[in-house]
Amino acid sequence: STSFGTTSSGAPSSPPGVSPTGPKITTVVGNGDTSLAFGDGGPATSASVFSPYAVAYDSQSGRLYLCDSLHNRVRVVAPDGTISTLAGTGATPFGGDGGPAVLANFSNPSGMAVGPNGVVYVADTHNDRVRAIGIVGTVWTVAGGGNSSAVDIPAQSAQLSGPWAIAVNASGSVFFSDARNYRVCIVTPDGMLRLVAGTGASAAGPDNVAAVASAIGRAFGLALDGYGNLLISAWSHCRVRHVSR
């Protein structure tokens with residue numbers, strides 16, 4: 001027998017309920033009814049989720065993570081298909097850093113990614129922060145919570161506005177879209193905030209110039225290709241932009 005996350009040969013498998021062959025589609029998480037009990041501790045397909053905006057899969061642990069956004073929680077599906085709450089109480093005012101993530105408050109988490117060390121990064125969108133959940137379940141702020149609109153500063157001193165999408169590279173640098181500030185930033189492993197793309201203006205900027213000199217509007221999706229180049233879903237401008245490494 002095999003478990004979610006691996007095949008009999010030990011190779012990565014598809015998420016729970018998904019066959020690696022054929023064009024079948026199945027429900028992995030959720031029962032379609034937001035009014036029922038959350039279902040923690042039971043099958044993920046029997047659980048209630050409310051507008052899951054983002055998912056991330058950790059191929060090393062076989063866990064599937066999701067932003068249960070309008071329940072103000074982050075959920076996790078174990079390799080056996082059981083769902084539980086990883087973070088969030090359902091209350092929205094910011095709180096809980098330094099303690100267990102299940103006792104911390106999140107507000108409309110909308111983006112997430114798993115880092116190379118198993119840390120889960122979450123865009124706590126309406127609390128204007130990017131937060132991290134360690135493998136032992138402790139939560140902390142990676143970026144946001146400050147009052148500075150500058151870059152090249154400690155990321156926790158920055159004032160974000162509606163962070164949304166997240167991507168993490170192999171070195172552990174965290175890219176995120178600071179959507180209402182019309183920019184994409186990176187938090188480097190030393191905790192510093194750097195500008196990657198955008199000028200802070202909402203208008204569409206030109207191609208073939210430095211990414212920091214071209215306006216991108218609101219970005220709601222990020223991805224890294226196999227070479228470390230960044231793809232940006234420039235939602236405001238109905239474009240996908242490319243930033244070379």
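The following legends describe close-up views of a predicted model. Local features are reported only at a pLDDT of at least 70 and side-chain atom pairs only at pLDDT 80 or more, whereas totals for chains, interfaces and linings use all residues. Residues are numbered from 1 along each chain as its sequence is written, and side-chain values use heavy atoms, with hydrogens and water left out.

View 1. A pocket is an open set of points on a 1 Å grid over the protein atoms alone, where a 1.4 Å probe fits, with protein on both sides within 12 Å along at least five of seven lines; lining residues have an atom within 4 Å of a point. There are 20 lining residues, and those closest to the pocket centre are Ala 113, Val 114, Ile 166, Ala 167 and Val 168. At least two lining residues come from each of the strands β1 (52-58), β5 (109-114), β10 (163-168) and β14 (219-224); strands are DSSP runs of E with at least two residues, numbered from the N terminus. The lining comprises 16 nonpolar, four polar and no charged residues. Here Ala, Val, Leu, Ile, Met, Phe, Trp, Tyr, Cys and Pro count as nonpolar, Asp, Glu, Lys and Arg as charged, and the others, Gly among them, as polar.

**View 2. A salt-bridge network around Asp 68.** A salt bridge is a side-chain nitrogen of Lys or Arg within 4 Å of a carboxyl oxygen of Asp or Glu. Such bridges link Asp 40, Asp 68 and Arg 75 in a network. Between Asp 68 and Arg 75 the N to O distance is 2.7 Å. Both Asp 68 and Arg 75 are buried, a term for under 20% relative accessible area, with exposed meaning over 50% and partly exposed in between (1.4 Å probe, protein chains only).

**View 3. The salt bridge between Asp 128 and Arg 180.** The closest N and O atoms of this pair are 3.4 Å apart. Asp 128 lies in the loop between β6 (120-124) and β7 (129-133), and Arg 180 in the loop between β11 (174-178) and β12 (183-187), 52 residues apart. Asp 128 is partly exposed at 24% relative accessible area, as is Arg 180 at 36%.

**View 4. The salt bridge between Arg 241 and Asp 207.** These side chains meet at 3.0 Å, N to O. Arg 241 belongs to strand β16 (residues 239-243), while Asp 207 is in the loop between β13 (192-197) and β14. Arg 241 is buried because its relative accessible area is 10%; Asp 207 counts as exposed, at 56%.

Terms used: Helix = DSSP H or I, 4+ residues; strand = E, 2+ residues; numbered from the N terminus.
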